[in-house]
Amino acid sequence: MSTRIAFLKGHGTENDFVIVPDPENAIDLSPAAVAALCDRRAGIGGDGLLHVVRSAAHPEAKDLAAGAEWFMDYRNGDGSIAEMCGNGVRVFARYLRHAGLVPEGDLAIATRAGVKSVHLAKDGDITVGMGRARLPEGDVTVGVGERSWPARNVNMGNPHAVAFVDDLAHAGDLYAPPPSAPPPPTRTGSTSSSSSTAARGTSRCACTSAAPARPAPAARARAPSPWPPPAGTAPTRPSPVCR
């Protein structure tokens, strides 16, 4: 028996997401279901999934409900749970505005990395305050093929390993994350293989992020979404877009 789930598709600077509105947290999306939805051949396709939930209705965000009505329950494309995604927050905010759930102006959104401050401008631009970067101590090495570089732990809510290279071509296939050793720790004590490489003397940066930031929860029986997506489309512009 199939389950019907209302969804939208959105992207922020072409970082694309499946959006599942579920304000009362009635849908429990299993890792397998999320991976299937994000599959670009057999599913809808996306870099990740944005589960739109009221903070008060989600056990991980209840304590943040007083300062942020909405919780971004973000999932990686492989179904694992992640703490934070910068473009994901922008698309999440664009959806809330698109659905008429929030006005223009300043908005607080709860994430597993804390509450993020978002601004929705009248011209459609959406910006997010990512906060100060944390630089955890520890040696990290990033490798691509036969090359490897010393890297720096950088945490922007989720962990990254950042390495500078002499030629951006050395970054390799940007569709696959370069391995890092050891993987940088998350705030929950588990690990991620997020890593980045940037060419010295340029502003270009190749970034990849893949791997669970947290273990995924056990699945419950999933219910159809009680809230179908609104009609209409958002303007096609560099700002986040929902359809």
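Let me begin with two residues, Phe-17 and Tyr-74, both of which are buried, where buried means under 20% relative accessible area, exposed over 50%, and partly exposed in between, with a 1.4 Å probe and protein chains only. Please keep in mind that this is a predicted model, in which local features need pLDDT of at least 70, side-chain atom pairs count only at pLDDT 80 or more, and totals for chains, interfaces and linings use all residues. Residues are numbered from 1 along each chain as its sequence is written, and side-chain values use heavy atoms, with hydrogens and water left out.

Searching the whole structure gives 1 aromatic pair, where rings of Phe, Tyr and Trp (its six-membered ring) pair if their centres lie within 6.5 Å, and planes under 30 degrees apart count as stacked, over 60 as edge-to-face and the rest as tilted. The ring centres of Phe-17 and Tyr-74 are 5.9 Å apart and their planes stand at 75°, so this pair is edge-to-face. Phe-17 sits in strand E2 and Tyr-74 in strand E4, 57 residues apart, so that distant parts of the chain are linked; strands here are DSSP runs of at least two residues, helices (H or I) of at least four, numbered from the N terminus.

Turning to Pro-136, we find this residue in the loop between strand E7 and strand E8, partly exposed at a relative accessible area of 26%. Beyond its neighbours within four places in sequence, Pro-136 is in contact, meaning heavy atoms within 4.5 Å, with Arg-152, Asn-153, Val-154 and Asn-155.

As for the chain itself, it has 2 helices and 14 strands, and 44% of its 243 residues are buried.
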